[in-house]
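Keep the 3D view open as you read, and follow along strand by strand.

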Amino acid sequence: MGMAENLRFRNPEVAQNIAAKIREVTPKKGQVKICHVCGTHEWTITHFGLRSLLPSNVEVIAGPGCPVCIVPAAEIDEAVQLAKQGKVVTCFGDVLRVPGSESSLLEAKAGGADVRMVYAVSDAVEMARKEPEKEFVFSAVGFETTAPITALEALGDLPKNFSFLVSHRLIPPAMELLLGVGDLQIDGFLAPGHVSAIIGLKPYELFARVYRMPTVVAGFEPNDVLMSIYMIIKQVSTRDAQLQNEYSRVVKPEGNKKALELMDKAFTVVAGNWRGIGRLPDSALQLRESLAQFDARRKYELKIKEGKDILLGCECHLVIIGKIKPNQCPMFLKACTPAKPIGACMVSSEGTCRVWAKNVAANTS
Amino acid sequence: MLMCLAIPAKIMALQGEKAQVDFGQGVLRDVNVSLVEAKIGDYVLVHAGYAIQVLEEKEALETLSLWNDVLSSTGE
């Protein structure tokens, strides 16, 4: 697809037209609350000021869409422990500053540990090959968008001195959890486009069918998001509940079959802890027994079970599930800033607090 | 970097599991294309150094035409 089409996905005139359509279908009475579960959606909505285009009774809240934010402290503690034992710990940049119970990986690095930021898993594997005398661990954080990459590498030709500290989590169980949060009262889901590029539409079917929740898989250009909001409100106004795909240029109903096959070959689905949320059944991935030699937890017999997820006064646990907005946390941009973050939501570039901090003006109107 | 961010890029050259792609700035970068079936000239979505899906031009145009339909429809 060419540049012309790309530009139209951002065209402000089209955006105004969609906004007018949204006003047309929005019920005059009552609130409409739409929840997304993707840090990139929050970025688009905040950066382009989309909330200001919506009727005052339409609210878009951010659910647990930041894969870095929901990694529990215990799993950061594992990485810090390995780093302090002399292993080379590799990770994406956002993971470096995520608080563990006592220390982040960045603090461990400052204390002399060998912690290295990489842009791709393959960079970490390459380092391990070049330095066979050292043990390498990669902190594998991410939702379904990222997990197939770990699967691909784990099933490939890995050097013996390389292993994964897997912190992958699955999005549909988190969406299901949100529906059970009593006073959250969600009216529709914006489903995450890039997770969906991998998993396809099937995992969302239950939201429309069982929970009667309008669910629209949405792309990431501002007009994608606006159109998806329109599609949800249209359903709300007609008391319909369907699963629709706004992002069909990327999301196929069956997802990415190759990626799904690799994930199934490499992982089993297990219960997992989410920072600020707690333990969710069938929401985490673990490397299969046949790949145990590449699972850092088994290879190094890690025993850490519990960590300190939320510091006193931090409201990350409420921000993560969309119960409060970042500016309702007393520490937001006071004690907790992008330069000196306290909670995980302010650390990651996809964290709701961080996204808001970078675009304060767009949200205080 | 945004962890669920994926950026479209055009495949300029292919060599086994590696492709050289252009993110639109004319700078070629290496990405791994093992997870997709893509050919030279295709647009792929790249996440953390790996292509995770091929963009469908036909679908992109259909989306835009769907928008036009919605926007030109009269209110109910």
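Two strands count as paired if DSSP finds at least two bridges between them. With that in mind, please remember that this is a predicted model.

**A strand with two neighbours**

Let's begin with strand 5 of chain A, residues 136-142. It runs parallel to strand 3 (residues 88-91) of chain A, and three bridges join the two. One residue to look for here is Thr90(A), whose bridge partner in strand 5 of chain A is Phe138(A). Phe138(A) also has a bridge partner in strand 6 of chain A, namely Phe164(A).

| Strand pair | Bridges | A bridge partner pair |
|---|---|---|
| Strand 3 and strand 5 of chain A | three | Thr90(A) and Phe138(A) |
| Strand 5 and strand 6 of chain A | seven | Phe138(A) and Phe164(A) |
| Strand 8 and strand 9 of chain A | three | Thr215(A) and Leu243(A) |

How many of the residues of strand 5 of chain A are buried? Seven of its seven residues are, so the strand is mostly covered. In a regular strand, side chains alternate between the two faces of the sheet. In strand 5 of chain A, one side carries Phe136(A), Phe138(A), Ala140(A) and Gly142(A), while Val137(A), Ser139(A) and Val141(A) lie on the other, and both faces are covered.

Strand 5, helix 7 (residues 147-154) and strand 6 of chain A form a right-handed β-α-β unit. Helix 7 of chain A also meets helix 12 (residues 257-266) of chain A: their axes come within 8 Å and cross at roughly 65 degrees. The crossing is left-handed. On the helix 7 side, the contact includes Ala147(A), Pro148(A) and Leu152(A), and on the helix 12 side it includes Leu262(A), Met263(A) and Lys265(A). By class, this contact has nine nonpolar residues, no polar ones and one charged.

**A five-stranded sheet**

Chain A also has an open sheet of five strands, in the order 2-1-7-8-9 and with parallel pairing. Strand 2 (58-62) and strand 9 (243-245) are its edge strands, each pairing on one side only. Ignoring direction, neighbouring strands of this sheet are turned by 20 degrees against each other on average.

**Where the chains meet**

Finally, look at the interface, where 29 residues of chain B are in contact with 42 residues of chain A. Strand 4 (43-47), strand 5 (50-54) and helix 1 (57-72) of chain B each supply at least two residues of the chain B side. Helix 1 of chain B gives the most, with nine residues. The chain B side divides into 19 nonpolar, seven polar and three charged residues.

Technical notes. Residues are numbered from 1 along each chain as its sequence is written. Chains are lettered from A and ligands numbered from 1 in the order in which they are written. This is a predicted model: local features need pLDDT of at least 70, side-chain atom pairs count only at pLDDT 80 or more; totals for chains, interfaces and linings use all residues. A residue is buried if 20 or more other C-beta atoms lie within 10 Å of its own, exposed if 12 or fewer, and partly exposed in between; C-beta atoms are placed from the backbone. Helices (H or I, at least four residues) and strands (E, at least two) are DSSP runs, numbered from the N terminus. A crossover is right-handed if, with the strands pointing away from the viewer, the path from the first strand over the helix to the second runs clockwise. Two residues are in contact if their C-beta atoms, placed from the backbone, lie within 7 Å. Ala, Val, Leu, Ile, Met, Phe, Trp, Tyr, Cys and Pro count as nonpolar, Asp, Glu, Lys and Arg as charged, and the others, Gly among them, as polar. Axes are lines fitted to C-alpha atoms, for helices over the stretch in contact, and angles run from 0 to 180 degrees between N-to-C directions. A crossing is left-handed if the near helix is turned anticlockwise from the far one by less than a right angle, and right-handed if clockwise.
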